[in-house]
Amino acid sequence: MINVNIYRYNPETDQFPYMQAYSIERPKKDIMLLELLNILKEQDSSISYRRSCREGVCGSDGMNINGKNGLACITPISTAIQKDKIDLRPLPGLPVIRDLVVDMTEFYAQYDKIKPFLQNDSAPPAIERLQSPEDRAKLDGLYECILCACCSTSCPSFWWNPDKFVGPAALLQAYRFIADSRDTKTLERLDNLSDPFSVYRCHGIMNCVSACPKDLNPNHAIGEIKSMLLSNKRNIIASDGVS
Amino acid sequence: MSIKPVFINLLKIQLPLAAFLSITHRVTGVLIFFLVLPTSVYFLSLLLSSESSYMNFLDLYMNNFILRTFVLFLALIFTYHVFTGARHMLLDFHLISETLSATKTSSIITLILFLINGVIQAWVIL
């Protein structure tokens, strides 16, 4: 038997959230946690959670599994289970709409802030903007992010300042466009992040890296942004000195 | 519309060792500002005000175990902050690679160095 404890909250009937315990026969095959949730939903249809692609591509079913953020659809129950018990809670730090469904407005607002699209002043070429294989390789480990919010919602700095600290997910995306050779707004992008909160609230806690279900490293991207911000400042100071 | 609940129970969320170091670095930073610096300055003012107060304080310090333990406590807070801060700066300068294993190893090394240092401090002060 597996004991599954699920965080329950229905704004229409509950004043406070509570944990509800479910018991279920351990499946013979090592199924994914999302499938287990689907089986439980057949027993109790009121359990709410987001899901879509069921293969770790859409990033809908991010949740807190036994204390660690992850995607239910690519987490086998054998790795999630601890002492025959699985605790499922919503992503930390974001307002809960119902059960495991959180309000991601703050998360998307930060993503919006970093202008997540290619900006280039020159006239678009007839076919496409070309990039050398070396320049393209710089985007590896950045473009794969699916915005599931597992990283940002595991970050204590983001819990403190969700409105001012951009958070690991959006910063990874910010660096994805800063590092892109086809983007011409690099300086503006850096300038946009140069205040004390946007980037510098990151203290290298590394929760983002340990939570990322796609094995990406937002901390490294943040480190690169910090270095670029510093060398950028140095250049501005140097050029001021000349003039 | 009622206020939506937020799940943020630190006892139920796994935090890696690096998170522990970062949070305690913060806490010791606050303690240095509000406890270590004011008391150190106060002790220094006691030592420097006159020759007799210097001798009195020295006498008290030598004979009072609780006072020495307190001074050790202040020194430990300060060195803990310095050690975790040094690790943080090494990270900022990219001298520790930003991988999970490297941050974990560096956290363990920082704690071991702090413990060795703490034993030496305790041996000197007590």
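In strand β5 of chain A, Arg89(A) is the bridge partner of Asn64(A). This pair belongs to a predicted model, in which local features need pLDDT of at least 70, side-chain atom pairs count only at pLDDT 80 or more, and totals for chains, interfaces and linings use all residues. Residues are numbered from 1 along each chain as its sequence is written, chains are lettered from A and ligands numbered from 1 in the order in which they are written, and side-chain values use heavy atoms, with hydrogens and water left out. Helices (H or I, at least four residues) and strands (E, at least two) are DSSP runs, numbered from the N terminus.

β3(A) and β5(A) run antiparallel and are joined by two bridges; two strands are said to pair if DSSP finds at least two bridges between them. With β1(A) (residues 2–8), in contrast, β5(A) (residues 85–89) runs parallel, and four bridges join these two strands.

Two loop residues of chain A are worth a look for their backbone angles. Asp84(A), found in the loop between α2 (77–80) and β5, has a positive phi of about 60° although it is not a glycine. Its relative accessible area of 42% makes Asp84(A) partly exposed. Lys115(A), in the loop between α3 (105–113) and α4 (133–137) of chain A, likewise has a positive phi, near 50°, and is a residue other than glycine. Lys115(A) is partly exposed too, with a relative accessible area of 38%.

A further loop, between α7 (186–192) and α8 (207–211) of chain A, holds Ser198(A). Ser198(A) is buried, at a relative accessible area of 5%. Its side chain makes a polar contact of 2.5 Å with the side chain of Asp195(A). A polar contact is a pair of N or O atoms within 3.5 Å; within protein, one must be able to donate a hydrogen and the other to accept it, and residues adjacent in sequence count only if both atoms are side-chain atoms. Leaving aside residues up to four places away in sequence, Ser198(A) touches Lys164(A), Phe165(A), Val166(A), Leu171(A), Asn192(A) and Leu193(A).

Chain B is built from four helices and zero strands, giving the pattern α-α-α-α along the sequence. Its radius of gyration is 20 Å, whereas a compact globule of 126 residues would have one near 14 Å. The radius is taken over C-alpha atoms, and the globule rule is 2.2 Å times the number of residues to the power 0.38. Along the principal axes, the C-alpha atoms of chain B fill a box of roughly 65 × 45 × 25 Å. Buried residues account for 34% of the 126 residues. Of the contacts in chain B between residues at least 6 apart in sequence, 70% join residues at least 24 apart.

Helix α3(B), residues 65–92, has 28 residues and reaches 40 Å from its first C-alpha to its last, close to the expected 40 Å; the expected span is 1.5 Å times one less than the number of residues. At the start of α3(B), a side-chain oxygen of Asn64(B) comes to within 3.0 Å of the backbone nitrogen of Ile66(B). Just after the helix, His94(B) takes a positive phi of about 60°. Val71(B) has its place in α3(B) and touches Phe43(B), Tyr61(B) and Ile125(B), not counting residues up to four places away in sequence. From Ile8(B), Val71(B) is 63 residues apart in sequence and 36 Å apart in space, C-alpha to C-alpha.

Key
Buried < 20%, exposed > 50% of the residue type's maximum accessible area, 1.4 Å probe, protein only. Contact = heavy atoms within 4.5 Å.
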